[in-house]
Amino acid sequence: MPWMGIKEKLESLNLGVGQMTKVFRKYWLEIIFSLLIFNEVLCAIGYVRQEIRYRDDKKMNIESKWVDDDFDQYIERLSEMNEYEILISGEEIDFNYFSQNDLMALQSIGFENLENGQFVSTIGFVGIIREGDIIYQELCTNDNIYYSGRLGNHYLFIESNGTDMKNQGNIYIDDIKYSVDTKGINIVVFDEKNEVIVDSVNYCFVNGNTIVRR
Amino acid sequence: MNHRKYLLPGVIAITHWLICQIFGIDRLFFFYEGISYAYILVKFLFLIFLVAGWEFLFYVVTKVKKGDEEFRWGVLYFVLYFLFTICIIIIIWPGAWAWDDLYTLLNISGYKSLDPWHHVFTGTYQAILLQLLPFPTGILILQNMIISGCVSFVILKMEMLFGLKRTRNPFVILLKFLPFMFPPVFAVQFSGYRMGIYVYVELLFLTMLISNQKFLKNNSYIYLLFFSFICILVSVWRTESFFYFICACFLILVSDKGFMSFAKKLITIFLIVMGFFFTSLWQKTELKNNDYMLINFVNPCIELVRYSNVISDEKELYSIDKVLDLDVIHRNPQLTGERMYWYKNLKKTYTKQEYKEFLRAFIKLCIKYPKVFIAERWNTFLRGVELSEKGFLNLYGAARLYDDNDKNEAMKLVKEKGWIGIKPISREIRKKVISWGMGINEKGQDIHIYRRLSWNIVIPMLIILYIWIKSLTQRKWNLFIIFSALIIKIPIVFWIEPEGNTQYFLIFGMGYIILSGYIIKLLDNHNKNQNNKVKLN
């Protein structure tokens with residue numbers, strides 16, 4: 001085997017600093033490429049290569065200053081915020097666990113299409129409020145719904161589905177997702193003038209409990 | 001000149017061709033009634049293929065009978081490798097077909113098209129092979145026969161270049177064959193993707209250039225014709241390889257007068273240039289529009305659109321919207337451009353002027369947001385060389401092809417055709433072997449270290465880069481020019497690859513062939529030293 005006498009050969013070379021310089025001068029290219037290949041093998045074993053994340057550069061800050069746990073209180077707060085854009089995407093909303101107060105709160109800000117007991121199954125919902133006015137609201141049961149279009153200087157895309165099919169309770173502004181994206185009602189409060197996301201929250205209604213995620 | 005030796009194989013080839021036509025062998029695969037231009041072209045090229053094949057067979061048999069050492073070893077290497085590939089084909093029967101390659105089969109099956117999307121060369125080549133063995137796996141059998149010929153040629157030239165001793169030691173023979181089992185290359189040679197054959201033709205071409213240090217030492221007209229043919233194939237078949245044509249023409253021009261007369265130089269360059277332009281024109285005419293070029297820019301373009309500002313970049317976005325539907329882009333924020341192109345009607349109907357404006361707008365956005373463009377390209381490159389976790393392999397589709405729940409639309413259409421030999425011998429074994437080949441265990445999880453090392457393209461790429469720089473420092477200009485044509489593919493592919501796929505960098509597997517040559521030479525030298533020591537003692 002070629003590596004059998006390597007130790008003796010190295011000893012016979014009597015490697016001092018001068019010798020090392022000579023070896024490096026002679027084999028600098030081989031040494032550099034051996035190190036590069038060695039590094040590549042190490043990287044492959046550790047799989048450390050990460051893709052560059054560039055979309056995040058454009059992502060707006062999410063302030064999330066509010067800490068309301070009750071859904072009806074939260075909606076009441078929103079009803080007073082006329083300067084913001086309020087984007088809602090409901091995913092698999094189960095009305096069996098939706099309280100009368102919660103429903104009334106939503107209806108009070110203009111989403112009158114929602115009525116308790118009307119639905120036998122879960123529903124999907126998309127709603128948009130701009131400066132206090134409802135500019136879009138749509139419901140679905142089995143199929144998917146979406147809204148896409150300009151919102152001032154931005155492009156808005158909201159999608160929702162009624163049943164457990166595709167996990168689509170998403171709210172995108174300029175192709176960047178700001179919603180928490182899970183079952184229940186996803187709300188994004190957007191301050192377009194200051195280019196800030198004031199809040200992004202998810203209310204999930206399961207077995208009579210309300211889980212809040214930010 | 002003895003012309004009689006060409007007569008017998010020529011007659012056999014013509015008879016063979018006539019028998020195929022009389023018995024309508026091709027009708028086992030092709031469904032047609034009228035005669036189209038594709039039909040006439042394929043039949044004509046099939047005749048040429050048979051004549052060349054029979055002539056070559058007789059030539060090799062004569063050489064072997066005369067006891068030519070090089071040819072005898074060549075036949076041995078050919079047989080060993082071909083038998084090995086046949087075993088693989090039987091295990092994974094009917095092959096590692098995945099998606100696009102199945103559509104190529106479907107598109108060419110009526111002689112109505114040569115499937116220009118995957119290049120007219122691909123459709124023509126497969127249609128010719130199907131004349132001989134008219135079932136999908138027939139392509140793979142003949143393809144691997146051609147590949148075995150290339151492998152045998154490359155090994156012989158490797159022995160010549162490194163001054164290796166020929167030995168029947170199975171360990172040394174295995175070491176010589178090992179680079180030709182490089183998983184990314186091995187995966188495509190059992191599929192109908194053009195890269196399966198292309199990478200070996202490319203290897204053959206580079207070996208022909210490298211092995212003749214004085215360039216075109218063997219300059220008979222038949223050799224020059226064959227060289228020109230290979231050069232055209234390699235330069236035109238893949239967009240990023242057009243530098244080979246420039247490189248070959250330059251090397252012919254500067255080659256030594258003693259080896260090639262000026263007239264022969266002119267004839268060869270003329271053949272290559274004409275062949276290059278006419279075949280490129282043929283492909284362009286068949287494509288009919290710019291869609292094929294468009295898909296190269298779709299991924300970075302979509303990322304730029306997503307990053308751009310709807311107000312300040314309004315003009316550029318307007319131009320892009322004429323070709324790619326902006327609404328579709330914004331409605332699918334989670335999809336890549338390529339996925340949207342195929343599944344979401346991203347592309348609009350556009351005019352030539354609109355396409356030009358689209359390109360201008362795209363370039364403007366690239367200049368305005370260079371980070372986005374470079375980052376997107378870099379991520380795609382990482383996937384392409386199998387360094388990123390998100391690397392995409394066609395083998396995923398190939399492994400699942402016979403699963404009960406597989407939704408491969410192309411395969412459904414193939415099954416409807418009723419071609420012979422499309423059922424696997426064992427579904428389970430086929431799936432396991434293909435999955436293992438791409439580094440996936442029985443539970444469907446990646447075997448990380450195996451996958452990252454065996455599919456890693458950067459390691460052989462570094463070896464090629466080393467030789468390129470070494471040839472520059474040692475002023476070996478022929479080698480430097482040849483390897484430059486290879487190295488220049490890296491930035492071209494970086495710029496235009498539509499998706500992160502290992503296929504675009506397969507030729508860099510050549511680095512392992514060179515490495516194996518060095519290792520065998522080291523072993524040879526070591527053995528020589530040992531023997532000398534024994535003699536001295």
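Mentor: A bit of housekeeping: residues are numbered from 1 along each chain as its sequence is written, while chains are lettered from A and ligands numbered from 1 in the order in which they are written. Because this is a predicted model, local features need pLDDT of at least 70, side-chain atom pairs count only at pLDDT 80 or more, and totals for chains, interfaces and linings use all residues; side-chain values use heavy atoms, with hydrogens and water left out.

Trainee: How many residues does the largest nonpolar core have?

Mentor: A nonpolar core is a set of buried Ala, Val, Leu, Ile, Met, Phe, Trp, Tyr and Cys residues joined through side-chain atoms within 4.5 Å. Buried means under 20% relative accessible area, exposed over 50%, and partly exposed in between (1.4 Å probe, protein chains only). B:Phe180, B:Tyr200 and B:Leu486 are among the residues with the most contacts inside the largest core, and its size is 144 residues.

Trainee: Which helix gives the largest share of this core?

Mentor: Helices here are DSSP runs (H or I, at least four residues), strands are runs of E (at least two), and both are numbered from the N terminus. The largest share is 13 residues, and it comes from helix 9 (residues 195–211) of chain B.

Trainee: And how many residues are in the second, separate core?

Mentor: Look for B:Leu294, B:Ile320, B:Met340 and B:Tyr355, which are included in that core. Its count is 33 residues.

Trainee: What is B:Leu486 in contact with, beyond its neighbours within four places in sequence?

Mentor: Contact means heavy atoms within 4.5 Å. With those neighbours set aside, the list for B:Leu486 is B:Glu202, B:Leu206, B:Tyr244, B:Ile464, B:Ile507, B:Phe508 and B:Met510.

Trainee: Which helices do the buried residues of helix 11 of chain B pack against?

Mentor: First find helix 11 (residues 243–254) of chain B, whose buried residues include B:Tyr244, B:Phe245 and B:Leu251. Their packing partners, also in chain B, are helix 9, helix 10 (221–237), helix 12 (262–287), helix 24 (477–487) and helix 25 (489–496).

Trainee: How far apart are the end C-alpha atoms of helix 5 of chain B?

Mentor: The expected span of a helix is 1.5 Å times one less than its number of residues. Helix 5 (residues 120–132) has 13 residues, so it should span 18 Å. The model agrees with that, with the ends 19 Å apart.

Trainee: Is helix 5 of chain B largely enclosed or open, and how many of its residues are buried?

Mentor: B:Val120, B:Phe121 and B:Ala127 are among its buried residues. Helix 5 is largely enclosed by the rest of the structure, because the buried count is 12 of the 13 residues.

Trainee: Is B:Val42 buried or exposed?

Mentor: B:Val42 lies in helix 2 (residues 37–65) of chain B. Leaving aside neighbours within four places in sequence, B:Val42 is in contact with residues including B:Ala127, B:Ile128 and B:Gln131. Its relative accessibility is 1%, so B:Val42 counts as buried.

Trainee: What is the order of the six strands in the open sheet of chain A?

Mentor: Two strands pair if DSSP finds at least two bridges between them. Strand 1 (residues 85–93) pairs with strand 2 over seven bridges, and seven bridges also join strand 1 to strand 8 (residues 184–191). The edge strands are strand 3 and strand 10 (209–213). With antiparallel pairing, the order is 3-2-1-8-9-10.

Trainee: Which residue in the hairpin of strands 2 and 3 of chain A takes a positive phi?

Mentor: Strand 2 and strand 3 (residues 133–140) pair in the antiparallel sense over seven bridges. The hairpin has two residues between the strands, and the one with phi near 50° is A:Glu131.

Trainee: Which side chain does the side chain of A:Asn186 make a polar contact with?

Mentor: A polar contact is a pair of N or O atoms within 3.5 Å; within protein, one must be able to donate a hydrogen and the other to accept it, and residues adjacent in sequence count only if both atoms are side-chain atoms. A:Asn186 lies in strand 8 of chain A and is buried, with a relative accessible area of 0%. Its side chain reaches the backbone oxygen of A:Gly169 at 3.0 Å. The side-chain partner, at 3.0 Å, is A:Asn202.
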